[in-house]
Amino acid sequence: MNPILVTGSSGRIGRAVVQELQARGHTVRGFDRVESPGVSEMLVGTLTSVVDVARSMIGIHTVIHLAATPDDADFLAEIVPNNIVGVYHIFEEAQKAGVKRLIVASSGQVVWHQRMTGPLPIGVDTQPTPRYWYAAGKLFLEGAGRAFAEKFGMEVIAVRLGWCPRTPEQVEEIGAEQWAQDVYLSPGDAGRFFACAAEATLEQKFNVVYATSKPRRAMYDLETTRRLLGFEPAEAWPQGVDLVMSSGDR
Ligand SMILES: NC(=O)c1ccc[n+]([C@@H]2O[C@H](COP(=O)([O-])OP(=O)(O)OC[C@H]3O[C@@H](n4cnc5c(N)ncnc54)[C@H](O)[C@@H]3O)[C@@H](O)[C@H]2O)c1
């Protein structure tokens, strides 16, 4: 069986994805700037190197692309190399290597302003209202996905992820805001979401979906995610935060 390539395999979500995929019997190839513990096949490299990215794609049918600068940061020094140039290399090298399915991490920050104005839940066809440059970069990633699905017939799933906290400070921020709890994504649900996305039989080539844990009030359209991918969240805020508090994340 071909391994599934997980970029960003050392990160908050990447570790959860690797764990879930391996538990389901998939072979995983990790790719990150730093070694990912527990991944048998690991490539340490950077998204900004076409050579590294091309090497990571050899023999791969499904890519889960998580590696990125995961929030707003200096545009020229961080967002451009990691989230723009990196996305360019991932799509180009995946296509050249014959990859069939790309599952790419977008963000709920692309529909940031509808959180306040509604209507809720925010649909997958709503005109985006990006928060800032990080979110604008995620729209570049979604646009690249659409282009590659149309031009090359690749299967692409762009997932607008809810908030999977990386630090105890972020757990505190989520605890203080109802809307943040409604977009909370536990590490366990994140792992299960990406496994479902890798395993689903798709009706269409290009898919935009949202992923969160079970909200009290749905901010995002989770029905489309259920229908297209069969993903059903198993947890709700604050289930899973113990993992964040104990893992000494950045
Ligand atoms: N955690 C969230 O709440 C959240 C929400 C929406 C979207 N996302 C997206 O999900 C993905 C994963 O986020 P996360 O929270 O796990 O972030 P993270 O920072 O924990 O993990 C990102 C990983 O990518 C790696 N990386 C960064 N730049 C790289 C490069 N140039 N080459 C190789 N590896 C590189 C880092 O070393 C890190 O291990 C990102 O694309 C992020 O934008 C996350």
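Contact here means heavy atoms within 4.5 Å. The structure is a predicted model.

Two packed helices are described by the angle between their axes and the distance between the axes. Helices α3 and α5 pack at an angle of about 10°. Their axes lie 10 Å apart. Angles under 35 degrees count as roughly parallel, so α3 is roughly parallel to α5. On the α3 side, the contact involves F75, I79, N83, I84, V87, F91, E92 and Q95. These meet W133, Y134, G137, F140, L141, A144, G145, F148 and F152 of α5. By class, the residues of this contact comprise 12 nonpolar, 4 polar and 1 charged.

Helix α1 spans residues 12-23, and helix α8 spans residues 187-199. Their axes come within 8 Å and cross at roughly 60°. The two helices are therefore oblique to each other. The crossing of α1 past α8 is right-handed. From α1, the contact draws on R12, I13, A16, V17, E20 and L21. From α8, P187, A190, G191, R192, F194 and A195 take part. The residues of the α1 contact with α8 fall into 8 nonpolar, 1 polar and 3 charged.

In soluble globular proteins, nonpolar side chains tend to be buried together. The largest nonpolar core in this model holds 35 residues. Within this core, M57, F91, V99, L102 and Y220 touch the most other members. Several elements each supply at least two residues of the core: α3 (75-97), β5 (101-107), α5 (133-152), β6 (155-161) and β7 (206-211). Helix α5 gives the most, with 5 residues. F91 belongs both to this core and to the contact of α3 with α5. Leaving aside residues up to four places away in sequence, F91 touches L102, V104, L141, A144, G145, F148 and V156.

L76 lies in helix α3. Its relative accessibility is 68%, and exposed means over 50%, so L76 counts as exposed. L76 and E155 are 79 residues apart in sequence. Their C-alpha atoms are 30 Å apart in space. T46 sits in the loop between β3 (41-44) and α2 (50-56). At 24% relative accessibility, T46 counts as partly exposed. T46 touches F31, D52 and V53, with residues up to four places away in sequence not counted. T46 and P81 are separated by 35 residues in sequence, yet their C-alpha atoms are 9.9 Å apart.

Most peptide bonds are trans. Two cis bonds are described here. A cis peptide bond joins G118 and P119, with omega about -5°. P119 is placed in the loop between α4 (114-117) and α5. The peptide bond from L120 to P121 is also cis, with omega near -10°. P121, too, is in the loop between α4 and α5.

Methods. Residues numbered from 1 in each chain as written. Predicted model: local features only at pLDDT ≥ 70, side-chain atom pairs only at ≥ 80, totals over all residues. Heavy atoms only, no water. Axes fitted to C-alpha atoms, helices over the stretch in contact; angles between N-to-C directions. Helix = DSSP H or I, 4+ residues; strand = E, 2+ residues; numbered from the N terminus. Parallel < 35°, antiparallel > 145°, perpendicular 65-115°, else oblique. Left-handed = near helix turned anticlockwise from the far one by under 90°. Nonpolar A, V, L, I, M, F, W, Y, C, P; charged D, E, K, R; others polar. Core = buried A, V, L, I, M, F, W, Y, C linked by side-chain atoms within 4.5 Å. Buried < 20%, exposed > 50% of the residue type's maximum accessible area, 1.4 Å probe, protein only.
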